[in-house]
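Here are my notes on the model you sent. Please read them with the structure open beside you.

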Amino acid sequence: MLRNIRDVELPDVFSWFPQTIGWKIVFTLIALYAAYRIYGYAKHWWYNRYRQEAIDALFSLTPDDANWPYQMVKIVKAVMVYLDKGNAALYGVKLLAQMDYLSTDSSTEKHSSAGTQTGFQHDAVYLQWLACVENSKLEKPDFDRLRSGLVVWLKTHQVISEGEHE
């Protein structure tokens with residue numbers, strides 16, 4: 001009974017690598033494009049990593065801490081100095097004006113035709129925040145509104161040139 005059983009013949013092994021030059025060129029171009037995109041993503045992440053670090057630092061603050069206004073100023077100042085060393089001397093309304101300048105909506109949207117001005121330097125919460133830093137006896141501004149506004153600014157501000165971060 002076992003004498004009539006024949007082995008199953010396996011087909012010849014073939015290569016999954018393309019045999020023609022055209023497919024090799026296509027795969028090489030796809031690999032180069034993928035490497036280019038990965039490099040661009042890594043470069044973008046590297047230049048913007050300070051944003052997430054600053055947001056994490058803001059979220060580590062609590063309203064129970066008596067020093068939270070000063071800590072927020074330190075975080076914002078660190079970001080501003082990272083963006084441009086010339087921002088180290090800015091303080092108070094000038095700091096808020098520079099934050100307005102770097103905001104993504106710093107164009108004509110900020111100044112409507114009705115003449116109303118919005119922005120950091122004209123917002124009472126941010127002015128109260130800076131006054132509270134100078135005099136700790138003053139009433140502290142709304143912690144959540146201030147922190148959420150700074151987080152939005154950190155996520156959306158524009159950087160003048162990427163080469164300045166080095």
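**Notes on the helices and their packing**

1. The buried residues of H3 pack against H2, H4 and H5. In H3 these buried residues are Leu95, Leu96, Gln98, Met99, Asp100 and Leu102. Please keep in mind throughout that this is a predicted model.

2. The overall layout can be stated briefly. The chain has five helices and zero strands, and its elements, read from the N terminus, run α-α-α-α-α. Of the 166 residues in the chain, 30% are buried. The accessible surface amounts to about 12,200 Å², and carbon and sulfur atoms hold 59% of that surface.

3. Contacts along the chain deserve a word. Among contacts with a separation of 6 or more, 58% are between residues 24 or more positions apart. Two pairs give an idea of such distances in sequence. Ile55 and Leu150 are 95 residues apart in sequence, and their C-alpha atoms are 8.4 Å apart in space. Glu53 and Val79 are 26 residues apart along the chain, with 9.6 Å between their C-alpha atoms.

4. In soluble globular proteins, nonpolar side chains tend to be buried together. The largest nonpolar core here has 30 residues, and the members that touch the most other members are Leu58, Met72, Met99, Trp129, Leu146, Leu150 and Trp153. At least two residues of this core come from each of helix H1 (21–59), helix H2 (68–83), helix H3 (93–102), H4 and H5. H2 gives the largest share, eight residues.

5. Which residues does Met72 touch, not counting residues up to four places away in sequence? They are Leu58, Leu61, Trp129, Phe143, Leu146, Arg147 and Leu150. Of these, Leu58, Trp129, Leu146 and Leu150 are also listed with Met72 among the core residues that touch the most other members.

6. Ile55 counts as buried because its relative accessible area is 5%, and the cut-off for buried is under 20%. Glu53 counts as exposed because its relative accessibility is 53%, and the cut-off for exposed is over 50%. Leaving aside residues up to four places away in sequence, Ile55 touches Val151, Leu154 and Lys155.

7. The structure holds six aromatic pairs. One of them joins Phe14 and Trp16: the rings are 5.3 Å apart, centre to centre, with 50° between the planes, and the pair is tilted. Are these two residues buried or exposed? Phe14 is exposed, with a relative accessible area of 56%, and Trp16 is exposed too, at 77%.

8. Another aromatic pair is formed by Tyr126 and Trp129; this one is edge-to-face, at 6.3 Å centre to centre and with 75° between the planes. Both residues lie in helix H4 (residues 124–134), three residues apart, which is about one turn of the helix. An α-helix has 3.6 residues a turn, so residues three or four places apart point the same way. Tyr126 and Trp129 are both buried.

9. Arg49 lies over the face of Trp46, at 3.8 Å from the ring centre.

10. His157 lies in the segment after helix H5 (143–156). His157 counts as buried because its relative accessibility is 2%. The side chains of His157 and Tyr50 are joined by a polar contact of 2.7 Å.

11. The other such residue is Ser103, which is placed in the loop between H3 and H4. Ser103 counts as buried, with a relative accessibility of 6%. Met99 is one of the buried residues of H3, and Met99 is also one of the core residues that touch the most other members.

Notes. Residues numbered from 1 in each chain as written. Predicted model: local features only at pLDDT ≥ 70, side-chain atom pairs only at ≥ 80, totals over all residues. Heavy atoms only, no water. Phe/Tyr/Trp six-rings, centres within 6.5 Å; stacked < 30°, edge-to-face > 60°. Buried < 20%, exposed > 50% of the residue type's maximum accessible area, 1.4 Å probe, protein only. Helix = DSSP H or I, 4+ residues; strand = E, 2+ residues; numbered from the N terminus. Lys NZ or Arg CZ within 6 Å of the ring centre and 35° of its normal. Contact = heavy atoms within 4.5 Å. Areas by Shrake-Rupley, 256 points an atom, 1.4 Å probe, with all protein chains shown as cover. Polar contact = N/O pair within 3.5 Å; in protein donor to acceptor, adjacent residues only side chain to side chain. Core = buried A, V, L, I, M, F, W, Y, C linked by side-chain atoms within 4.5 Å.
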